[in-house]
Amino acid sequence: MADLLSSLLEGLRGALRRERLPDPPPTGAVARGHPGVLEQLFAREQLGADPEPRAAVRPGLLSVIFRPEQLGADPAPAPRRRTNWIAFLTKPEQLDD
């Protein structure tokens, strides 16, 4: 029983023990000379970021409902010619000979 208790305590201590992380590598800037001609010719081109597309400007619902109506530029059609419908009904029939 004593061995069981000591192994349990050892396992508990192992679970709660602090771990040490390795030291980070030195972060010194690597000095480079100017790029050569070939490196400049065949280097990747640095492109800028694309601009955000603008949102479509649409009028609101109320302005669509209550805005002035756009009328066409065509003139109004000529009024219909008035006919005497009684004369049309009572005129004699023309028969083909």
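Colleague: How much accessible surface does the chain have, and what share belongs to carbon and sulfur atoms?

Modeller: Accessible areas come from the Shrake-Rupley method with a 1.4 Å probe, and for residues only the protein chains shown count as cover. Here the accessible surface of the chain comes to about 11,700 Å², with 58% of it belonging to carbon and sulfur atoms. This is a predicted model, in which local features need pLDDT of at least 70 and side-chain atom pairs count only at pLDDT 80 or more, while totals for chains, interfaces and linings use all residues. Residues are numbered from 1 along each chain as its sequence is written, and side-chain values use heavy atoms, with hydrogens and water left out.

Colleague: Which secondary-structure elements are in the chain, and in what order do they run?

Modeller: Helices (H or I, at least four residues) and strands (E, at least two) are DSSP runs, numbered from the N terminus. This chain has four helices and zero strands, in the order α-α-α-α from the N terminus on. Its radius of gyration is 47 Å, well over the 13 Å that the globule rule gives for 97 residues, so the chain is more spread out than a compact globule; the radius is taken over C-alpha atoms, and the rule is 2.2 Å times the number of residues to the power 0.38. Along the principal axes, the C-alpha atoms fill a box of roughly 135 × 70 × 40 Å.

Colleague: What percentage of the residues is buried?

Modeller: Buried means under 20% relative accessible area, exposed over 50%, and partly exposed in between, with a 1.4 Å probe and protein chains only. Buried residues make up 0% of the 97 residues. H34, in the loop between α1 and α2 (37-41), counts as exposed at 80% relative accessibility, and its C-alpha atom is separated by 62 Å from that of L8, 26 residues apart along the chain. A76, in the loop between α3 (61-66) and α4 (85-90), counts as exposed at 69%.

Colleague: Where is L9 found, and is it exposed or partly exposed?

Modeller: L9 is found in helix α1 (residues 2-16) and is partly exposed, with a relative accessible area of 39%.
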